[in-house]
Amino acid sequence: MSKGLAVEKQASGPANFQLVTSLLDALDRPLVVSDRSGQILFANLHAHDAFAAAGFGQKSDLNLFQDLLRADRKTILAQLQAGEHEVDLQPDLVGGKFRARIRWLPEPDWLAVFVEPARPEPPAEEAQMRQTVQELMQEREITYRNLLAAYLRLQEANRQKTVFLASAAHELKTPLAVMKGYYELLLSGSLGKVSEKQKEILQESKESCDRLVRLVSMFLNYSALESGKLVLQLHDNDLRDCVNDLAARWKDPFQRAAVHLDIRIAEDLPIFKFDYQKVQQCMVNLVDNALKHTPAAGRVTLAAQPHFWERRCSGAAPPEDRRRGGPPRANSVLVCVSDTGTGIAAEFHQEIFEEFVRVDPSSSGMGLGLAITKRLIQAHRGKVWVDSELGRGSAFSFLLPTYVE
């Protein structure tokens, strides 16, 4: 096919036609222009090379649809006239498979065909790998949805558990308070004389009732923490009163267990804002645990003293200024409950502050005391930790800032 068969020259502008022909020859890919019947009007140099590679040689009567595209003319024209911007075909010629992109030029009613090598098909291994990856992605999506559904079910079960604990605790609170009051009346002799044997039985019953009261209080605190409804009653309180009150109530249980309770309160403890009941509940939880795990003739020490918590000191002076100005001023209170009991292995020091965790399965309790203590202390913007070794006892400590942030 001769290049002279290109677009029919107009007598008035051979120079312009020659310029356009040169520009189209400069394209880096084959370009073929034909009319609606498929008669080729123009082909640039790259198109001639592609024809030669496909085995057409210098034939001048090539038809776009029959010889090159090997596609139905009416189908292609119908697609273009229906609004298709471009029709993409991949004819299989002698020289290999090509990609032909057909566009319609409405004004001259011509077809412009851009020819380029077809994209090579990926190897079988690559196609299989893509299919495997796609299947894995689908499986991951299904797994994610199943996990999300399971998580939502667990959240609902946890919510129902919290509601049940709160309801049960509220129902038990009133009768336990009545029982505790009657035990105290009987022990005081207000309702008549009580023998020593009867007093011993009543005292043990009262202690069991007190344990149930503490358990109910623990459930109420836990449900309030879980539901986010915990409200701290922050007032100016004296921590010495809180400790002395606790020591008076726990004097008899320690005597019956033959464990010595040692109270050490610094004289210069400040009066600061904290929730009296909640902080005392934290100390009760720690003292109760210490008594459970301390053998007879052992010792439990409850100490409280002012403390400088450097992390709480904003805008602190440099170390040189601190040394020049003396020891830093206390900004918190350190409370420590230590015992001479069995101790706790180091690998459990973090785990014991989680809900329903008991290091010793044979011990009594629900495994909530330390978890509630941690969250109550954190609600006061404080922190709690444990120092312990097996066979050397334990020391549970917590810090309370003495100012409101």
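Reply: Let's begin with the contacts of lysine 278: beyond the neighbours within four places in sequence, this residue touches Asn221, Leu230, Leu232, Leu376 and His380. Keep in mind that this is a predicted model. Lysine 278 belongs to helix 9, which covers residues 276-292. The side chain is buried, yet lysine 278 forms no salt bridge. Its nearest side chain of opposite charge is that of aspartate 275, at 4.0 Å, while the cut-off for a salt bridge is a side-chain nitrogen within 4 Å of a carboxyl oxygen.

Burial is also the theme of strand 13, residues 394-401. Eight of its eight residues are buried, so the rest of the structure largely encloses this strand. In a regular strand, side chains alternate between the two faces of the sheet. Here both faces are covered: one side carries Ser394, Phe396, Phe398 and Leu400, and the other carries Ala395, Ser397, Leu399 and Pro401, all of them buried.

Now for the pairing partners of strand 13. Strand 11 (residues 332-339) runs antiparallel to strand 13 and is joined to it by seven bridges, with valine 333 standing opposite leucine 400. Strand 12 (residues 383-388) also pairs with strand 13 in the antiparallel sense, over six bridges, and there serine 388 faces serine 394. Strands 12 and 13 form a hairpin with five residues between them. Within that hairpin, glycine 391 adopts a positive phi near 80°.

Methods. Residues numbered from 1 in each chain as written. Predicted model: local features only at pLDDT ≥ 70, side-chain atom pairs only at ≥ 80, totals over all residues. Heavy atoms only, no water. Helix = DSSP H or I, 4+ residues; strand = E, 2+ residues; numbered from the N terminus. Buried < 20%, exposed > 50% of the residue type's maximum accessible area, 1.4 Å probe, protein only. Lys, Arg positive; Asp, Glu negative; His and termini not counted. Contact = heavy atoms within 4.5 Å. Pairing = 2+ DSSP bridges.
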